[in-house]
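Please keep the sequence and the structure at hand while reading.

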Amino acid sequence: MASHSDTLVVFFGATAGANGGKLGSDEREIILLVWQIVDLHEKKVGKLHRCLVKPDSLERTDECKEETGLTVEDILKAEPLDTVLQQFQQSVSSEVKSLGRSSFTLCVDSPLVIRQALHPETSTKNLVLPECFFSFVDLKKDFQKCCPDATAAQQLTPASMLEYVGLPAVSEQSMGETEVSSMVQLTLHLLAEPYNHKFSCVETVKYKFDSGTCSKTEPVDSETVIRARGLPWQSSDQDIARFFKGLSIAKGGVALCLNAQGRRNGEALVRFINSEHRDLALERHKHHMGSRYIEVYKATGEEFLKIAGGTSNEVAQFLSKENQVIIRMRGLPFTATSQEVLSFLGPESPVTDGAEGLLFVKYPDGRPTGDAFVLFSCEEYAQNALKKHKQILGKRYIELFRSTAAEVQQVLNRYMSAPLISTLPPSPIVPVPVMAQPYLPAASSSRDCVRLRGLPYTAGIEDILEFMGEHTVDIKPHGVHMVLNQQGRPSGDAFIQMRSPDKSFMVAQKCHKKTMKDRYVEVFQCSTEEMSIVLMGGTLNRSGLSPPPCKLPCLSPPTAYAFPTPPSMLSEAALYQSPLLAAPRPPQSMTHNPAHALAYYPPPSTHVHEHEHELHGVLPQPPSVPLHNELLCSATWIDGSSGRSPAPPCSLRLLRAAAAWSPDEDAGPALQHRGQGHPQLLPGIPEKTRYCALFEKL
């Protein structure tokens with residue numbers, strides 16, 4: 001018999017879309033439920049019940065109309081799903097009691113109606129399913145136990161099973177009744193001689209997802225792992241488990257993926273208990289989480305372990321407490337202590353075991369990263385903590401959001417494996433080459449530029465050119481400028497110089513809110529002056545232009561310096577976040593290659609040894625002054641037989657930094673080194689003192 005049950009309820013459901021082997025794959029709502037009771041002891045059969053369900057949407061596929069024969073009028077007269085489920089529970093309980101039985105178990109011809117239809121729909125509609133829908137008997141699997149030579153379970157149908165055992169086909173008039181009557185006949189046949197089958201194999205549906213840890217040495221079957229893409233960035237492991245409601249995810253089997261900046265990238269790797277559940281998960285490709293559709297693909301065990309696996313004893317001890325809600329805190333002051341964090345969270349959200357429930361993320365040398373993970377014993381405490389999102393601790397606002405055990409492992413792995421100082425192979429020093437034209441144009445009020453805002457952080461020059469489409473031909477040479485933040489990472493902004501204000505206006509009209517890599521990008525028309533101020537550290541917003549944050553002193557230029565013969569034009573340009581230079585390099589002589597160097601603006605974190613003026617062929621080190629807070633990255637164009645195209649990026653090494661200055665306080669230009677003799681002035685840059693850096697191709 002079924003586990004501690006003496007009655008089976010043979011159950012069938014149909015949706016307004018695909019049915020049969022594709023039931024639930026198109027997110028269509030349930031419109032029909034049919035059931036009948038079988039007394040396992042007395043081998044008696046109860047009354048056949050057929051109940052229509054009114055969906056939120058009356059739209060039905062042609063296949064559904066043909067199979068069910070239901071009209072819109074029939075569906076409009078029906079009750080909604082929650083009412084029908086209550087009627088089912090009351091009807092079955094009453095009938096079981098009248099038979100003198102105490103318990104029952106559902107019996108279905110396929111797990112799809114339970115796992116892929118009922119559970120996902122009730123989860124989406126926030127309905128509470130009766131407990132009886134969390135366990136069931138799969139008639140196909142029990143039939144295969146009795147008839148091992150039959151076709152594979154996935155290919156079996158009630159009609160084919162009846163035919164295999166030599167029973168006549170059921171000739172009912174309506175969909176659902178035929179299937180239930182066939183299943184009842186099969187059940188009675190398996191209970192009788194010669195099978196005397198006991199329905200003891202009961203499948204269960206998990207009530208909730210169990211968080212946990214995964215070791216890097218743990219074997220993970222690639223046939224059990226999927227990759228979900230397009231997730232909202234704030235989604236937690238519980239949200240992902242809810243998306244796959246009805247399927248059994250392995251303990252700790254949700255691993256949220258992070259990008260290079262340590263932020264969630266909208267992807268997750270999910271590990272199921274077996275390949276059957278993984279295959280059902282793949283059927284939910286492009287199902288919706290809220291208003292977003294989620295893509296589901298196959299993944300490998302190696303990919304899962306790379307994200308979720310860990311070996312840190314500290315993490316294992318932190319996550320050893322069961323059934324804890326994990327919250328991630330980001331943006332903490334580097335001097336923040338455990339007591340300050342506990343006080344920030346307050347008494348309404350007590351942390352599990354006090355300071356023991358806090359895990360500060362640190363670099364290998366012990367420096368804090370500003371991240372921490374916090375454990376809470378219940379959902380209520382975690383919700384109270386999330387209300388502190390973007391409140392102030394010290395002088396910084398703190399971000400709080402849900403996290404997972406896999407994310408704890410991933411963040412710790414990322415920071416603990418990061419090198420303390422970037423190391424690069426030694427490279428000879430070359431003089432500064434000549435650029436064919438000024439790096440930035442003269443400031444102008446002509447609105448011949450466009451600003452791109454909201455770019456994906458992974459976007460490169462090629463992506464921007466593809467985004468521009470047919471308007472690429474109207475971009476000026478050297479006209480693509482990507483803005484980086486003070487860490488040398490993409491800020492999501494870029495400026496593009498067009499050939500005329502009319503062209504920039506057309507681009508702003510045609511490309512505004514066009515998508516790039518699943519993100520929409522805002523495109524605004526602006527002037528060269530506005531572009532220059534933003535690139536040099538100022539801001540451009542609804543309040544207008546704000547100048548760069550620092551006004552630097554005016555210095556006097558040197559008298560004479562020697563430079564090599566200028567090359568005609570650089571072939572490539574790109575940016576590399578420079579390492580700290582701990583010592584000056586000895587002078588080396590070598591043949592100059594014009595593609596090896598570039599005059600550039602370094603990030604604020606760049607420091608150069610003060611005695612580096614001893615190097616051959618470069619300027620002496622000027623007094624130390626602050627640097628601007630943003631970087632410029634310019635696309636260099638090349639002419640070839642195939643026409644004009646953007647040069648591919650190359651990696652550059654910082655050679656040294658030198659000050660650029662202006663003797664004229666009003667003009668405020670910056671330096672560009674050209675030719676023999678004096679450094680040349682580049683007009684139009686709004687700040688009076690800038691830094692230039694020399695980079696070398698790796």
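In this predicted model, Lys503 is partly exposed, with a relative accessible area of 35%, and its side chain meets that of Asp474 in a salt bridge, at 3.9 Å from N to O. A search of the whole structure finds 29 salt bridges, and the points below begin with this pair.

**Lys503 and Asp474**
- Because Lys503 belongs to helix α16 (residues 501-511) and Asp474 to the loop between α15 and β21 (475-484), their contact ties together parts that are 29 residues apart in sequence.

**Arg278 and Glu223**
- The side chains of Arg278 and Glu223 form a salt bridge with an N to O distance of 2.8 Å.
- Arg278 sits in helix α9 (residues 275-282) and Glu223 in the loop between β8 (214-215) and β9 (225-229), so this pair joins parts that are 55 residues apart in sequence.
- Arg278 counts as buried at 3% relative accessibility, while Glu223 is partly exposed at 42%.

**Asp463 and Lys517**
- Asp463 and Lys517 are joined by a salt bridge in which the closest N and O atoms are 3.4 Å apart.
- Since Asp463 lies in helix α15 (residues 461-468) and Lys517 in the loop between β23 (514-516) and β24 (519-526), the pair ties together parts that are 54 residues apart in sequence.
- Asp463 counts as partly exposed at 21% relative accessibility, and Lys517 counts as partly exposed at 44%.

**A linked group**
- Glu29, Asp56, Glu121 and Lys125 are connected in a network of salt bridges.

Note on methods:
Residues are numbered from 1 along each chain as its sequence is written. This is a predicted model: local features need pLDDT of at least 70, side-chain atom pairs count only at pLDDT 80 or more; totals for chains, interfaces and linings use all residues. Side-chain values use heavy atoms; hydrogens and water are left out. A salt bridge is a side-chain nitrogen of Lys or Arg within 4 Å of a carboxyl oxygen of Asp or Glu. Helices (H or I, at least four residues) and strands (E, at least two) are DSSP runs, numbered from the N terminus. Buried means under 20% relative accessible area, exposed over 50%, partly exposed in between (1.4 Å probe, protein chains only).
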